[in-house]
Structure formats: structure tokens, C-alpha cells
Amino acid sequence: MNITVDVNELNTEFNVKLKGEIDAYTAPKLRESLFPISEQENVSITIDLTEVSYMDSTGLGVFVGAFKSVRAHNGEFTLVGLSERLRRLFDITGLADIIDIKSGTEGGLE
Amino acid sequence: MEFQSCVKIINEWDIVAARQLGRNVAKELGFGTVDQARITTAISELARNIYLYAGQGSVSIEKLNINGKSGLKIIAEDQGPGIEDIRRVMEDGYTTSGGLGAGLPGAKRLMDDFDIESIPGEGTKIIATKWLR
Amino acid sequence: MDIRENMEKKYHEALSTYLKDQNEQALYQGQKISRLHIKYNISPEEIISMHKNNLMELYPELPGKVLDSFDFLLEVMMGYGIAYREHQSLRHQQQELKTEIEIAANVQHTLLETEIPDIKALEIGAISVPARQMNGDYYHFVQDENERIGVGIADVIGKGIPAALCMSMIKYAMDSLPEHRHEPKSVLESLNRVVEHNVDPSMFITMFYGLYDPHDRQFSYASAGHEPGFYYDAATGAFSDLDAKGLLLGVDKKTRYRQYEKTVNRGDMIILLSDGVTECRTNDGFIERETLIGLIKKNMHLQAQEMVNNIYKQLEKMQNFQLRDDFTLIILKSNV
């Protein structure tokens, strides 16, 4: 079980590609990578989840935390490449209504 | 105080001198090889701590004789940055951190008594004793 | 000191036997001695010293250099000796920590205890099992003076001790809600403010709250991002998702919740669960909600408490007795 976090930075735009599983063991690593970015002013973060094979609710906690932080710093936060299962998780928790989410077919990052 | 001698710790070679002093005294007092190795290892750890983090200080060795019991006392003193959180430094698992105070829990375990005083900004004084059985 | 002397004697015997005749039997003795050394806390440097003393005794004419080499080895092993002592002490601490957590789990159990109301109209079964010692799931029943029954089920995002600590707060927030505020949407709105205000920003709670009124058989409910439960309609024999939309507790303090209503007829069932139930991972992947419905059907003839107990046992078996997440299942069965 592991995760790789690949951050691509262009001015205030951050494209983050995640690969692997997000659970209680890998969540701290993800949090450490996302939080410093989310605390900057006016950033635009796009996180690609196409290659995330598993995510439990701990991962959800990390994304909500990052989202709140980005919003507090006037930035934009987008999730792309969600599998059906992940999409459902965001739907159930009501997060799909407040976070900008683009599902799998709407395209990941190139 | 019957006997005391002291080595100033300024560079890495002084650690060897401190070990040598400790070993000689331990031998004189009649400590066996295992205890000799324990005492010198403890001296090494304390001296190394001074060399790496305090810049300079000293290690003194004292022979003890209290109520017919002989022992060896190590006094390691420095005027370095001091230790902010002694309790944390003495915690197990800290040894591997490699930071300031690493090796102190190890040194403590090798000796019978261990006492540490530290004032941040002023320095640290450690007194450790091993009794002859 | 006789343990030590005894150990030295054993070492001497085994070593001299082996040196006389290099056989497996003597080596096996060596392995047994190794275990004893650990049992009696004999450190590596002591073993080397023991070895050296034995050699000197057995072979007095041994070259001095060979003997000296053991002093060197002894010095090299000192680090391992320290590591060994540290390991001993860490093991001791781990044991203490384990005991402390066990006590904490008991305290939590007492804190979060809720009495299942006993009314004719409704048969109630509930089970909650933590994945580790402490539970991040919580369920709660209240009965007001109008015989209305409130049922809450909540799940902290995250597991273990932090989740459990968080849950104790929800319990107290619920207890301090005024009686007239047991409308599901207002319960969630109040709790949302408590969680938003008091909990670590990366901790969130999902919660479902329902209120059953036996006088008009109305079940009103609202959800804060909680895993949807099921509704069983006895008249048609069909199961449907107990859908309710709403945001997790603790994200936004201004969140409003929508309240839903359902008339509960005789034989109908309300099934509430935590995601530990749907996130059961078997060898073939996650269990489907259909599998779960199948299990419910299979146990439907039973009394509500037996139902939840059985379903838990069957799911536990399906995932080889390894619970990955806290598991909570509640079934309400209408008798009127």
C-alpha cells in the first residue's frame, strides 16, 4: 500500500496527480503534500484521481481539509478523474455539491 | 573526593582520551571487562554529545568509596545550548533520532545512577555512576 | 546471582561439547541457551565475555591475539547491547499503552452506552463493533414524553483513538439538546455547529438522524453525508435506499438540512448502517449493497436484535474475520 504524489506547478496553478491507495497509512503523506499548497493565497489546485485504486474515508477527510483551506485563502479546488465508486463517496457525503468535481470521462490531466 | 581527573572535550580525539581515562580508572577499581566496556561506552556517548552539540566541555572521572562500596563517577559538563525538554530526550526511541541528546538514554542504561541537569542557553551537567559489585 | 552462574555453566558445557565433536545436538543446545539468555536479560556483551572466559579456561595456550579480538568484538557489540535494552523497555511501554487503551475503550463503552427503548410499536435491534479497540461509530436512542423515538447513527471520518475521542463529544452535544429540538433537521444543524466549532479541521462526522412517532406512524429523517440505509416495504416486498441528501457535519457552519418523511406500515423495516458495513472487503472486492439486501432477507424472519447479530456474524465470516472499519447496524421493525 503506497501513494505517489506528483505536483506540477505553474505560477499559481498546481496540478497534482495521485497514484496508489489512500487510507489511514498513506493519508498523512498526502496531507503533508497538499496542505502547504492549500495555504497559499489565490491558488488553483486540480487533483487527478484517475490512478487512485482505493480510497477510504480518511482520504475524504484530507480532501475536505485541503478544500476548506483553499477556500479560506480565496483559491480554487477541483477534483478530476473520479471513478464511479469515488464519485459516489462524494455524492453521499454532500461534498459533490460544494467541491468542483469532474468525473472520470470528463478527463484527467494531460 | 579522593581522586578526580578531567579531560577537556574540544575535538573528536578528546573522546578517545576520555574513554582511555575512564578505562584506566575502571581497571584500577577492579571492574571486569564487560563493565569496563559499559563505562567507556557511556563516556563515549556523553563526550560525543558534548563534541557534536555543545562545542566544548569536559568529562571528569571520579573514584568513589562510600560505606565500603567503590564506584566510578562520570561528570560530563558543557556550556552548550542546553536541553529544552529533558524528558523527551530521555525517552526510548530518541536514541535513533541522531539529534541533540541522542545516546543519553543508552548511556543511562549502561550505568547504575544517572542524573541530568540542564538550563537552556547555559549548559548541561550529567552525573553517572557505576558501582562495583 | 545463581541464574547467571547457572547460565555460565550451561554455556561452558554446550561449548565444550561442541568443540570436542561438532554435532547438531550441541548446536541445538546453543539455540536453547540463546532463548534462555533472552529470558534472563543477558546482553550481547555479557555473552561475548562469557565466551572469552570459557575459551581461556578450555585452551589456556590460546594466542593472546585471539583473546584480544574478543575484547574488540565486545566493544563492537555494545551498540547492540544498548539497542537490546531499549527494545526491552519499549516492549514494556507498549504493554502499558495497550492496557491503557483497553481501559480507555471500557470507559468509552460506558460513556456511549445508550438504552434501546422498549415500545410495542417498534422492534429494535442494534450492534456496533469497533475495528480496533476504540469505536469511531456511535448510535443513540432517545424516547421523549410523547413516546416518540429518536435514533441517531454517526461515523467519524478516521479510525481509532482520535475518532473515538471525537465521538464522545457528539454524545454530550446530543445529550444537551433541548427536548423540543428533536426534529431531525434541527438536531443535525445544532450538531453541525458544535462539530464545526470544536473539532480539528481535518475531522468530520457523517450522521443520520431519524424520529419515529408511533401515533401517526411517521418516520422523519435527515442525513449529514451518511451512508444511506434501506427501507423495506412489507406490502410490496421491495427494498429501497433510504436516500437523504446533506453535507457532512463540520464542513460549513451554515449548512441547512432537508427533512424527509415516510409512513411506516406494519412489517416495514428501517435499516441504518455505517460505511463499515458497506465497506466490507472480501476476496472478491467490496460487498455490493445487493449482497447486503440478500443477507437481510435471509434473516428477516428473526427478531430484530437477532437479525443484526446474525448479519454481523455472516459479514465477519465473509471477510475472514478481519474488520477494516468500525461496524454499526441498526434495524427498526414496525409491529403496527
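Among contacts in chain B between residues at least 6 apart in sequence, what percentage join residues at least 24 apart? In this predicted model, the share is 60%.

## Chain B: fold and packing

Chain B contains four helices and five strands, and these elements, read along the sequence, follow the pattern β-α-α-β-β-α-α-β-β. The radius of gyration of chain B is 14 Å, close to the 14 Å that the globule rule gives for 133 residues, so chain B is as compact as a globular protein of that length. Taken along the principal axes, the C-alpha atoms of chain B fill a box of roughly 40 × 30 × 25 Å.

Of the 133 residues in chain B, 39% are buried.

## How the three chains meet

There are two pairs of chains in contact, and of these, chains A and C share the most contacts. Chain A and chain B, by contrast, do not touch, and their nearest C-alpha atoms are 20 Å apart.

Where chain A meets chain C, 16 residues of chain A are in contact with 18 residues of chain C. On the chain A side, helix α2 (residues 57-72) gives the most, with eight residues, and the side as a whole is made up, by class, of seven nonpolar, six polar and three charged residues. The contact between chain B and chain C takes eleven residues from chain B and 13 residues from chain C. On the chain B side, the elements that give two or more residues are α2 (33-54) and α4 (104-110), and the residues of that side divide into four nonpolar, five polar and two charged.

## Helix α1 of chain C and its two partners

Helix α1 (residues 2-20) of chain C packs against helix α3 (residues 44-58) of chain C at an angle of about 55°, with their axes 10 Å apart.

The contact is made by C:Met7, C:Lys10, C:Tyr11, C:Ala14, C:Thr17 and C:Tyr18 of α1(C), together with C:Ala26, C:Leu27, C:Gln29, C:Gly30, C:Ile33, C:Leu36 and C:His37 of α2(C). These residues divide into eight nonpolar, four polar and one charged.

Where in chain C is C:Phe208 found? C:Phe208 lies in strand β4 (residues 205-213), and with 28 other C-beta atoms within 10 Å, where 20 or more are required, C:Phe208 is buried. Leaving aside its neighbours within four places in sequence, C:Phe208 is in contact with C:Ile153, C:Tyr221, C:Ser223, C:His226, C:Gly229 and C:Leu272. C:Phe208 and C:Met77 are 131 residues apart in sequence, and their C-alpha atoms are 60 Å apart in space.

C:Tyr257 is found in the loop between β7 (238-242) and β8 (260-263) of chain C. Is C:Tyr257 buried or exposed? C:Tyr257 has 26 other C-beta atoms within 10 Å and is buried. Not counting residues up to four places away in sequence, C:Tyr257 touches C:Lys185, C:Leu188, C:Glu189, C:Ala222, C:Ala224 and C:Gly246. One of these, C:Ala224, is 33 residues from C:Tyr257 in sequence, while the C-alpha atoms of the two residues are 7.4 Å apart in space.

How values were computed: Residues numbered from 1 in each chain as written. Chains lettered and ligands numbered in written order. Predicted model: local features only at pLDDT ≥ 70, side-chain atom pairs only at ≥ 80, totals over all residues. Rg over C-alpha atoms; globule rule 2.2 N^0.38 Å. Buried ≥ 20, exposed ≤ 12 C-beta atoms within 10 Å, placed from the backbone. Contact = placed C-beta atoms within 7 Å. Axes fitted to C-alpha atoms, helices over the stretch in contact; angles between N-to-C directions. Nonpolar A, V, L, I, M, F, W, Y, C, P; charged D, E, K, R; others polar.
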